[in-house]
Amino acid sequence: MEMSPTAPRDLSETWQAVLGRLQLEVSPHSFNTWLRGTRALLLEGGKLVIEARTALSCEWLNIKLGEVVAKFAAVQVGHAVEVEFVPRGSVQAAQVLPVAAIAARVVAPSAVVGRVNCAFTFERYVPGEGNQLAYESCTRLLDGDEQPISPVVIFGAPGMGKTHLLHALACRAAAANRRVACLNAEEFTTLFQNAIRNKEMDAFQDSVRSVDLFIIDDLQYLAGKTGTLDQLVHTIDAVTNSGGHVVVASERHPFELELPERLSSRLAAGIITRVEPFIMEERREFIDHVARSLRAGLPMWAVERIAGCEIPSTRVLQGAVHAAVALGRCGRLDPARLDADLTRVATVDASPAGCDDRETLEAIARYFETSFEELTGRSRVTAVSNARAIAIFALKARGRSLSQIASVLGKRDPSTISQLQARGARLLAADAVLQARLAV
């Protein structure tokens, strides 16, 4: 007799029970490396389909643990099962995803207040030990069978995948017909200021306070903006009091931003979690994940070389994989060329805004016949102002975050830095001599 598919909630509980047994049977390292973060997709006709992080994980699990998993799964479901592990985001996984989950990948822009990038999906996000709590806290906000914890505050260095999580959550929630506002600090501030200028405060407040899910990115840029922070507090209160949820991302812990007590206390009432860099094995999984998304394969020696490079930023790590794939596609992938690329990206990612940056600023200051002190000071003389804008663009092109640049340039407001960046790009594009000196 053919068995009907198991309900998603029952299947999830069954798989958690299986994982509980497996955690006692396999080593902690094996469980954390291969089994943690897996989820059951389908149990039908005696076949149990489990989603793991990557194809590499699936290959290892199917060969090494398939029989053990099938044994414990059979105990839980009451009959023999065939177990198959499939990689997240693969064709096999897509074929067994619920219709609602597949539909969640397509979102009408009008469904969200703000701009979202739905290319950022949960399927393309690679959870690891350092970001697991952030990932699970976001996905649980989508589970109608639980009472999720809110607000969720995610903080960590630039390039760690915070924005990816926020946009994946916004797109999935909007596709489930939830009202969503997803804004970064600059967008929220601009909307607020325009509402004041145009006397449209009621419309602004209705748009952001009536949502089911309110998401704000780059919280650190709101530090010191009293009026905007007051509006943010009222927005968070309105959303939570009506049963909605709030998610916030920041480069720094909220307690380090000197926020008003009424805001920091509200954020502390939920979950505050830091995203950390991948460990070695997770870097391997991430490299495999990125290469497969490009429909490319990398030789094992290349994977090991990239994984062995201590690159904290997932964004820069992704760039290293892209460089290796590009070299491979043109037949130029060899250890020497790959090592040269890895040295460059590792240096950019690891070096703080320090000595090298000062040398760049001093070179720009000399070119404009001014000094480093004037460049980092408060002078508004045209030559100094132009030099400062170009310096901002040059440092940004070298991978510095807005917070790092703001610190180097006399602890300026990062929002001011952001505004000058575009001007610096235009000025530098028109000056071939300075381009050659800076090699930007």
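This report describes the overall fold content and the cysteines of a predicted model.

## Basis of the model

The model is predicted: local features need pLDDT of at least 70, side-chain atom pairs count only at pLDDT 80 or more, and totals for chains, interfaces and linings use all residues. Residues are numbered from 1 along each chain as its sequence is written, and side-chain values use heavy atoms, with hydrogens and water left out.

## Overall architecture

The chain contains 21 helices and 9 strands, taken as DSSP runs numbered from the N terminus (helices H or I, at least four residues; strands E, at least two). Of its 440 residues, 47% are buried, that is, under 20% relative accessible area, whereas exposed is over 50% and partly exposed lies in between (1.4 Å probe, protein chains only).

Of the contacts between residues at least 6 apart in sequence, 73% join residues at least 24 apart; a contact means heavy atoms within 4.5 Å. The accessible surface is about 21400 Å², with 51% belonging to carbon and sulfur atoms (Shrake-Rupley method, 1.4 Å probe).

## The disulfide

The chain has 1 disulfide, defined as a pair of cysteine sulfur atoms within 2.5 Å. Cysteine 118 and cysteine 171 form this link, with their sulfur atoms 2.0 Å apart. The link is left-handed, at -95 degrees about the S-S bond. It connects distant parts of the chain, 53 residues apart: cysteine 118 lies in the loop between strand 4 (112-114) and helix 6 (132-140), and cysteine 171 in helix 7 (residues 162-175).

Cysteine 118 is partly exposed at 22% relative accessible area, while cysteine 171 is buried at 4%.

Cysteine 182 is in no disulfide; the nearest cysteine sulfur, that of cysteine 171, is 7.7 Å away. Cysteine 182 is buried, with 4% relative accessibility.
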